[in-house]
Amino acid sequence: MQRAVSVVARLGFRLQAFSPDLCRPLSFTQDVLRRTPLYDFHLAHGGKMVAFAGWSLPVQYQDSHTDSHLHTRQHCSLFDVSHMLQTKICGSDRVKLMESLVVGDIAELRPNQDKVRELQNQGRDVGLEVLDNALLALQGPTAAQVLQAGVADDLRKLPFMTSAVMEVFGVSGCRVTRCGYTGEDGVEISVPAAGAVHLATALLENPEVKLAGLAARDSLRLEAGLCLYGNDIDEHTTPVEGSLSWTLGKRRRAAMDFPGAKVIVPQLKGKVQRRRVGLMCEGAPMRAHSPILNMEGTMIGTVTSGCPSPSLKKNVAMGYVPFEYSRPGTKLMVEVRRKQQMAVVSKMPFVPTNYYTLK
């Protein structure tokens, strides 16, 4: 087993998670959209395909969004996330490459191709290979039980954020990583493209498993307080502002050798101007771009993600407010459909996470 993609990758570089701005029904542009190896599989199982960031992906299947969401929380669901780029980084300077891109000690993020060339031009030994693999996410409290039936490895020895290469339901060369984007226990399986349909079919033979799409994926990650890159964080957001200070490696804090260190380290030691916070409210659901106001009616921030929570039956959201308004329990207002309604700053995750750790 080895350390898998870091949590900062999960929170910071989910470039193509569900967003209404990126998602629309298919039209005459369908033929130019990229397709995952499971495209025909989705159609055969009733997937409602949408155009999403240049890909044709299922937003949901025959079950409603709410039913699919709750099934994931109570059992487990299978998601096709093959639209996310998978790479292998090699060479004796591979760590130098990664640490030139991230704030953690060692991370496997989607690399910047220009940075690879830059290091190569400096005489560094580093290379990048794009993998022709599909990526399946099996998420939910029974995910490990379902998967264990198809692998020889003992999944009890595979804790959160570690991975191992193994044969899965007869498909060799799969990398199984204990991680996900829902807050539940689960795995992401990098599988050779030719074996993707076989693996998905084998997993669905277990009645615990149902297919889930982009809609459930978005509400699940929001309940878990996980960021969507481009909405909740971007290249102008620091880890401190994004309430992600725990992603900063201790060694690198001391060395101040990570990107943006001159700005970020002082923020750790003093008051930051704004913070990402969770919000809860009754009434109409908060959505991205909804204004956040203080009790005097002055706009102080903006909602970055929001939806009704199927688990809590309340509206949840996240957004940015000045530091002095970031304490949990602070009462604010949010403008929804030109009407102001009460909201309260809430701790995240909204729903407790269930990541598997060794005991």
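**Helices 3 and 8.** I looked up how helix 3 and helix 8 cross in this predicted model, and I noted that their crossing is right-handed. Helix 3 covers residues 65-74 and helix 8 covers residues 214-223, and I found that their axes come within 9 Å and cross at roughly 55°. That angle makes helix 3 oblique to helix 8. I then listed the residues that meet: His65, Ser68, His69, Thr72 and Arg73 from helix 3, and Ala215, Ala216, Ser219, Leu220 and Glu223 from helix 8. Sorting the residues of this contact by type, I wrote down three nonpolar, five polar and two charged.

**Strand 14.** Which strands is strand 14 joined to by bridges? I found eight bridges to strand 17 (residues 314-322), with the two strands running antiparallel, and four bridges to strand 19 (residues 339-346), again in an antiparallel arrangement.

**Histidine 42.** Is histidine 42 buried or exposed? I first placed histidine 42 in helix 2, which spans residues 39-44, and then read a relative accessible area of 1% for histidine 42, so this residue counts as buried, the cut-off being under 20%. Setting aside its neighbours within four places in sequence, I recorded that histidine 42 is in contact with Thr36, Gly47, Met49, Pro58, Tyr61 and Asp80.

Note on methods. Residues are numbered from 1 along each chain as its sequence is written. This is a predicted model: local features need pLDDT of at least 70, side-chain atom pairs count only at pLDDT 80 or more; totals for chains, interfaces and linings use all residues. Side-chain values use heavy atoms; hydrogens and water are left out. Buried means under 20% relative accessible area, exposed over 50%, partly exposed in between (1.4 Å probe, protein chains only). Contact means heavy atoms within 4.5 Å. Two strands pair if DSSP finds at least two bridges between them. Axes are lines fitted to C-alpha atoms, for helices over the stretch in contact, and angles run from 0 to 180 degrees between N-to-C directions. Angles under 35 degrees count as roughly parallel, over 145 as roughly antiparallel, 65 to 115 as roughly perpendicular and the rest as oblique. A crossing is left-handed if the near helix is turned anticlockwise from the far one by less than a right angle, and right-handed if clockwise. Ala, Val, Leu, Ile, Met, Phe, Trp, Tyr, Cys and Pro count as nonpolar, Asp, Glu, Lys and Arg as charged, and the others, Gly among them, as polar.
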